[in-house]
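Let's take a friendly walk through a protein model. Have the sequence and the 3D view ready.

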Amino acid sequence: MPTRVHEFAWPDRVVVGTIGLPGARTFYLQVRTGTQIVSIALEKQQSALLADKIDEILDQLLTVEGNPHSVPASTPIELVDNDQLEAVQEQFRTGAMSLGWDPTTAQVVIEAYPITDVDPDNNDESLDEDDADVPEMLLVRMPVGTARAFAKRTREVVGAGRPACPLCGYPVDADGHVCTLPEV
């Protein structure tokens, strides 16, 4: 069966944002071109790793001798996006992701796939009438400046959660925290 691909080649906006209070936030990767908006849910750790790996790719490109691509070392101020997420309608919850570099367009490429539930007892491959079982994926291609701004914002969003306990390092909830230190 064919996969429904939500593809964004030169998005107007690509950001990670959250809904909810620290400790109970849901992270979303949201992409928009014109009126087409796709929002996929991510784990906090996926968001943080994505930002780190994007910066790693861009930093490696900066060190390539004779690199023909103009890769910014920091976030271009005109690309900073601190706005809230737009209306969120979750397309899917992300399972696997891949990240790459397309030198022909000088873009960072993100592929995101939904979590798949495999039921070994169910061999029925028929589709529901509403097409709900069609596999999906998100494919985003973003230029280097946008990618740098995306990584910076994502790190800020991830870091805006609950503060860490200075003793044990675990998050401190708004209603308090009891940590157990390892026995010496």
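## A salt bridge between helices

Asp-59 is partly exposed, with a relative accessible area of 38%; buried means under 20%, exposed over 50%, and partly exposed in between (1.4 Å probe, protein chains only). Arg-148 lies in helix H2 (residues 144-159) and Asp-59 in helix H1, so the pair ties together parts 89 residues apart in sequence. Helices (H or I, at least four residues) and strands (E, at least two) are DSSP runs, numbered from the N terminus.

## Arg-13 and its partners

Arg-13 counts as buried, at 8% relative accessibility. Arg-13 forms a salt bridge with Asp-81 (2.5 Å, N to O) and another with Glu-86, whose closest N and O atoms are 3.5 Å apart.

Residues are numbered from 1 along each chain as its sequence is written, and side-chain values use heavy atoms, leaving out hydrogens and water.

The protein chain averages a pLDDT of 86, pLDDT being the predictor's confidence in each residue, from 0 to 100. Over residues 124-129 the pLDDT is below 50. Where pLDDT is low, the predicted coordinates should not be read in detail.

Terms used:
This is a predicted model: local features need pLDDT of at least 70, side-chain atom pairs count only at pLDDT 80 or more; totals for chains, interfaces and linings use all residues. Contact means heavy atoms within 4.5 Å. A salt bridge is a side-chain nitrogen of Lys or Arg within 4 Å of a carboxyl oxygen of Asp or Glu.
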